[in-house]
Amino acid sequence: MAKASKIEIEGSSISVVKNQCEDYVSLTDIAKFKNTENTGQVISHWLSTRFAIDFLGTWEQINNPDFNLTEFSNIRFNAGSNGYVLSAKQRIKRTNTIGIISSAGRYGGTYAHKDIAFEFGSWLSYEFKYYLIREYQRLKDEEQAQFG
């Protein structure tokens, strides 16, 4: 991944990185708006909702020719079961997901393609999603002004 750009929402920084020429936004940074100490848990809970599973499945089917549809069907079947929680790493490994990337360590975290990050923002709140889109667009405008 390339060096991260930053967007600011309500005084907090959210990293945006390039991955395969696409923008990926830090879900870890976004999750801090819900719970500053257990961001992984916030992301896992969202990934386990029926809405997120369906959205991510659709996104992957459109954008990922190597998406494991059989394993996705198993995940979708289990969605909503008591105690069913799916981490980002589990999802990536089981379905060959490309829309989410996750790494451990000091500079690690969970990042998602901008389309997916905006949906995660909706889950937190529609107001948050609005600010996320607005600040992301401001970043893109600034980048365009530098190069054009």
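## Exercises on a predicted model

Setting aside neighbours within four places in sequence, L27 is in contact (heavy atoms within 4.5 Å) with I43, W46, T110, Y111, A112, A117 and F120. This is a predicted model, where local features need pLDDT of at least 70, side-chain atom pairs count only at pLDDT 80 or more, and totals for chains, interfaces and linings use all residues. Residues are numbered from 1 along each chain as its sequence is written, and side-chain values use heavy atoms, with hydrogens and water left out.

**Exercise 1. Find which residues have the most contacts inside the largest nonpolar core, and which elements supply the core.**

Step 1: start with the term. A nonpolar core is a set of buried Ala, Val, Leu, Ile, Met, Phe, Trp, Tyr and Cys residues joined through side-chain atoms within 4.5 Å. Buried means under 20% relative accessible area, exposed over 50%, and partly exposed in between, with a 1.4 Å probe and protein chains only.

Step 2: The largest core has 27 residues, and I14, L27, I30, W46, F120 and L132 have the most contacts inside it.

Step 3: trace the suppliers. Helices (H or I, at least four residues) and strands (E, at least two) are DSSP runs numbered from the N terminus. At least two core residues come from each of β1 (5-9), β2 (12-19), α1 (27-31), α2 (39-47), α3 (50-63), α6 (114-124) and α7 (126-147). The largest share, 5 residues, belongs to α6.

Step 4: check elsewhere. A second, separate core of 7 residues includes F67, I75, A79 and L86.

**Exercise 2. Work out the strand order of the open sheet, and say which strands stand at the edges.**

Step 1: collect the pairs, remembering that two strands pair if DSSP finds at least two bridges between them. β1 and β2 run antiparallel, joined by 5 bridges; here S5 has V16 as its bridge partner in β2. β3 (22-26) pairs with β5 in the antiparallel sense over 3 bridges, with Y111 as the partner of S26. Strand β4 (residues 100-103) is joined to β5 by 4 bridges, again antiparallel, and T110 in β5 partners S102.

Step 2: The open sheet has 5 strands in the order β1-β2-β3-β5-β4, with antiparallel pairing.

Step 3: read off the edges. β1 and β4 each have a single partner strand, so one side of each is left without a neighbour in the sheet.

Step 4: α6 lies across β3 and β5, at about 110° to β5, while α7 lies across β1, β2 and β3, at about 140° to β1.

**Exercise 3. Describe how α3 and α4 pack: at what angle, and through which residues?**

Step 1: take the geometry. Axes are lines fitted to C-alpha atoms, for helices over the stretch in contact, and angles run from 0 to 180 degrees between N-to-C directions. α3 and helix α4 (residues 69-78) pack at about 170°, with their axes 10 Å apart.

Step 2: classify the angle. The two helices are therefore roughly antiparallel, a label for angles over 145 degrees.

Step 3: list the contact. α3 brings R50, I53, D54, G57 and Q61, and α4 brings L69, F72, I75 and R76.

Notes
Angles under 35 degrees count as roughly parallel, over 145 as roughly antiparallel, 65 to 115 as roughly perpendicular and the rest as oblique.
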